[in-house]
Amino acid sequence: MTRQISHADNLIHQFDTVLRTLVPKAAQPSRPSPANVQPESFLDEEQRRQVAGLMRINHTGEVCAQALYQGQGLTAKLTETRERMEEAAAEEIDHLAWCDQRLQELDGRTSYLNPAFYAASFGLGALAGAIGDRVSLGFVAATEEQVGRHLESHLRKLPIDDKRSRAVLEQMCIDEAQHERWALESGGSRFPLPVKWGMRLVSKVMTKSVYRI
């Protein structure tokens with residue numbers, strides 16, 4: 001017999017996800033980091049701080065993405081949408097772990113603001129899911145579009161010789177683009193420009209604060 005998932009089981013799963021997302025070194029990726037096959041390069045102190053700041057932003061972005069997917073999956077109406085949200089969240093765990101690993105290599109740390117961003121993103125995701133799957137999927141597409149812009153910007157800012165960080169961000173770009181395509185092909189709404197501008201403004205607040213804090 002197949003055991004029914006209880007409300008308590010769901011709560012335990014949610015709590016486990018929060019811990020794996022917010023506790024450094026707790027996330028376990030399903031795929032090895034793309035950085036593992038690249039040699040470490042020499043970075044001077046200034047370059048190391050710069051790259052650590054960029055990877056900290058990317059790590060917090062993945063914290064937000066994980067929270068968004070968890071919130072949306074909790075309130076999504078269609079079973080297929082909920083399952084795809086869970087699949088995407090698993091890939092975001094990979095990104096989270098890869099960024100965490102790279103931060104450790106750079107003697108960096110994750111952001112102290114991650115719990116606040118997780119809570120806010122989870123609430124937004126749950127609200128979007130409660131409104132309807134089209135809005136929820138549209139939110140995924142708009143978010144992934146914004147994440148892709150950040151990743152491309154960070155790739156341009158990386159030191160040329162930092163192949164390990166570059167390998168991580170390039171694979172993240174590929175995955176995020178796939179999530180965006182899936183969301184739109186699954187019926188997600190295309191958000192109007194004013195909404196996207198608002199999301200970019202919020203994103204700028206996050207990146208400015210997380211780079212150092």
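This is a predicted model: local features need pLDDT of at least 70, side-chain atom pairs count only at pLDDT 80 or more; totals for chains, interfaces and linings use all residues.
Let me start with Glu40, which forms a salt bridge with Arg102, the closest N and O atoms being 2.9 Å apart; by salt bridge I mean a side-chain nitrogen of Lys or Arg within 4 Å of a carboxyl oxygen of Asp or Glu. Because Glu40 sits in the loop between H1 and H2 while Arg102 belongs to helix H3, the pair ties together parts that are 62 residues apart in sequence. Helices here are DSSP runs of H or I with at least four residues, and strands are runs of E with at least two, numbered from the N terminus.

Residues are numbered from 1 along each chain as its sequence is written, and side-chain values use heavy atoms, with hydrogens and water left out.

How accessible are the two partners? Glu40 is partly exposed, with a relative accessible area of 46%, whereas Arg102 is buried, at 1%; buried means under 20% relative accessible area, exposed over 50%, and partly exposed in between, with a 1.4 Å probe and protein chains only.

Glu40 also pairs with Arg164, the closest N and O atoms being 3.7 Å apart. Arg164 itself counts as buried, at 11% relative accessibility. Through shared partners, salt bridges join Glu40, Arg102, Glu105, Asp162 and Arg164 into one network.

Across the whole structure, the search finds eight salt bridges. Another of these is between Arg31 and Asp94, whose closest N and O atoms are 2.7 Å apart; this pair links distant parts of the chain, with Arg31 in the loop between helix H1 (7-22) and helix H2 (45-75), Asp94 in helix H3 (residues 79-105), and 63 residues separating them. Arg31 counts as partly exposed at 25% relative accessibility, while Asp94 counts as buried at 1%.

Leaving aside neighbours within four places in sequence, Glu176 is in contact (heavy atoms within 4.5 Å) with residues including Glu62, Glu92, His95 and Glu144.

Turning to the nonpolar side, a nonpolar core is a set of buried Ala, Val, Leu, Ile, Met, Phe, Trp, Tyr and Cys residues joined through side-chain atoms within 4.5 Å. The largest such core has 18 residues, and those with the most contacts inside it are Met55, Val168, Leu169 and Met172; H2, H3, helix H5 (133-157) and H6 each supply at least two of its residues. Apart from it lies another core, of eight residues, among them Ala89, Leu137, Ala141 and Trp182.

Finally, the structure holds zero disulfides, a disulfide being a pair of cysteine sulfur atoms within 2.5 Å. Cys64 is buried, with a relative accessible area of 12%, and Cys173 is buried as well, at 18%.
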